[in-house]
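Subject: Handover of a structure for your review

Dear colleague,

Please find below the structure that I am passing on to you. My notes on it follow directly after.

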Amino acid sequence: MTVSEPDLNITLGVEEEFFLVDPDTRDLEPDPNPGIFEACERNRGPHTVAHEVLRTQIETSTRVCGSVAEACEAVREIRSVVIEAAAEHGVAVLAASTHPFAEWESQLITPRERYQRFVVTFQESVRQLLVGGMHIHAGFGDPDSRIRVMTAMRQYLPLFHALSTSSPFHGGRETGYKSYRLNIMGVLPRTSLPGPLSSRAEYEGLLATYQRMRFIQSGSELWWDIRPSQHFPTVEIRICDVCPRLDDVASIVALYASLVRRLSRLDSAGLLPPDPPTEFIAENRWLAQRYGVLAFFGDVHGTEGRVDIEDYATRLVEDLAEDAHELGCERELGHVLSIVREGSGADRQLDHFRLRRLEGDSKQEALRAVVDLVISETRGGVGADG
């Protein structure tokens with residue numbers, strides 16, 4: 001099938017939320033030295049660094065990038081800034097969506113009006129929100145096409161999540177999930193999957209209704225797995241865990257950019273595939289959350305009952321070959337299959353924990369070893385001493 005080619009330029013930006021860790025205890029640093037943020041501010045260049053809900057977290061946002069390669073280099077740059085700033089103040093940086101054994105009761109809320117308002121409204125749900133995520137922005141098309149592509153992108157969200165899973169532990173326990181982060185996030189309203197939307201006007205009408213009912217102040221409080229950005233002409237995918245390894249980040253950025261390009265071309269030709277029921281996408285989302293890259297997804301379009309994630313990912317990578325070529329990210333897209341075959345950050349954490357236990361470590365020693373593993377992977381490839 002020949003698909004018509006719209007005038008398509010894609011811009012990209014990546015946000016990541018990190019934990020700050022005491023390298024001696026391997027526990028979280030509940031009240032980090034403000035000098036860390038000051039150093040980041042001095043050295044951030046065109047990127048941004050900000051506080052998060054909990055003081056032990058730090059959020060980064062890359063500059064606006066014109067290619068996958070540029071976005072990946074931008075992630076490396078800002079990670080290096082944060083790691084170096086933290087190291088100057090005796091702290092390490094952890095790129096995972098939960099800390100293996102930290103206690104939420106020991107954490108402190110950042111003293112900002114927005115976060116304090118969230119605590120008053122959501123109470124224990126926010127105080128327990130000891131999680132971080134990775135968000136990727138893609139700028140493309142016009143407002144209506146962005147909404148249509150966002151809706152079409154929903155069926156692929158479980159794969160994005162499976163590839164990024166990095167939160168198998170919580171409170172010192174193996175949770176049985178490759179991503180426990182979504183369990184914690186799910187207690188808040190306006191999380192999970194958005195319903196299907198067909199135009200910007202339909203989205204604006206929904207947003208206006210939320211505001212009329214005084215449920216939210218702005219679209220930034222719609223914490224969906226994917227959403228239109230409140231401030232930029234982008235669609236922001238938010239379902240991903242934080243990836244310790246830069247290669248995995250690059251792969252997921254490449255997958256998102258390639259899918260945006262493919263779906264935009266299909267949209268331009270009026271050939272977007274039928275939208276599967278939200279309920280079935282949600283089932284696959286749970287399978288990704290539970291099993292990660294070992295999931296068998298429901299076949300939402302075909303006649304098979306379930307499909308192995310490797311078969312599913314292989315077909316998708318093949319379908320996206322032309323778009324990845326045009327975007328110059330064939331190698332990064334191909335790494336999707338390496339993650340499926342070799343495991344995500346969650347798999348490496350679990351393997352390391354179980355190996356250390358077999359070698360005689362106590363449970364707490366093994367958990368601290370997992371922290372060391374993730375800190376090492378976070379430093380890898382950024383050119384920082386950490």
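Does T165 count as buried or exposed? At 0% relative accessibility, T165 counts as buried, where buried means under 20% relative accessible area, exposed over 50%, and partly exposed in between, computed with a 1.4 Å probe on protein chains only.

Before I continue, two remarks on the basis of these notes. The model is predicted, so that local features need pLDDT of at least 70 and side-chain atom pairs count only at pLDDT 80 or more, whereas totals for chains, interfaces and linings use all residues. Residues are numbered from 1 along each chain as its sequence is written, and side-chain values use heavy atoms, with hydrogens and water left out.

T165 is found in the loop between α6 (157-164) and β6 (169-170); helices (H or I, at least four residues) and strands (E, at least two) are DSSP runs, numbered from the N terminus. Not counting residues up to four places away in sequence, T165 touches K178, S179, D241, A288, G292, S344, G345 and A346, contact being heavy atoms within 4.5 Å.

With a relative accessibility of 32%, Q128 counts as partly exposed. Its contacts, leaving aside residues up to four places away in sequence, are W104 and I184.

Strand β1 (residues 11-21) has ten of its eleven residues buried. It pairs with other strands, pairing being defined as at least two DSSP bridges between two strands:

- Strand β5 (residues 133-139) runs antiparallel to β1, joined to it by six bridges; E16 stands opposite M134 there.
- Strand β3 (residues 57-61) is also antiparallel to β1, over five bridges, and E16 stands opposite T60 in β3.
- Strand β4 (residues 92-94) is antiparallel to β1 over three bridges, with V93 as the bridge partner of L20.

Turning to the interior, a nonpolar core is a set of buried Ala, Val, Leu, Ile, Met, Phe, Trp, Tyr and Cys residues joined through side-chain atoms within 4.5 Å. The largest such core has 91 residues, of which F160, L255, Y256 and F297 touch the most other members. Helix α9 (residues 246-268) gives the most to this core, with 13 residues. A second, separate core of 33 residues includes L28, W104, Y115 and V370.

Finally, the pockets. On a 1 Å grid over the protein atoms alone, a pocket is an open set of points where a 1.4 Å probe fits, with protein on both sides within 12 Å along at least five of seven lines, and lining residues have an atom within 4 Å of a point. The largest pocket has a volume of about 990 Å³, a volume being the space filled by probe spheres set on the points, which are joined across faces, edges and corners. It is lined by 44 residues, of which E17, E52, E59, R114 and R238 lie nearest its centre. The second largest pocket has a volume of about 530 Å³. Of its 23 lining residues, Q155, Y156, H301, L316 and D319 lie nearest the centre. The elements that give two or more residues to this lining are α9, β10 (296-298) and α11 (309-319).

With kind regards
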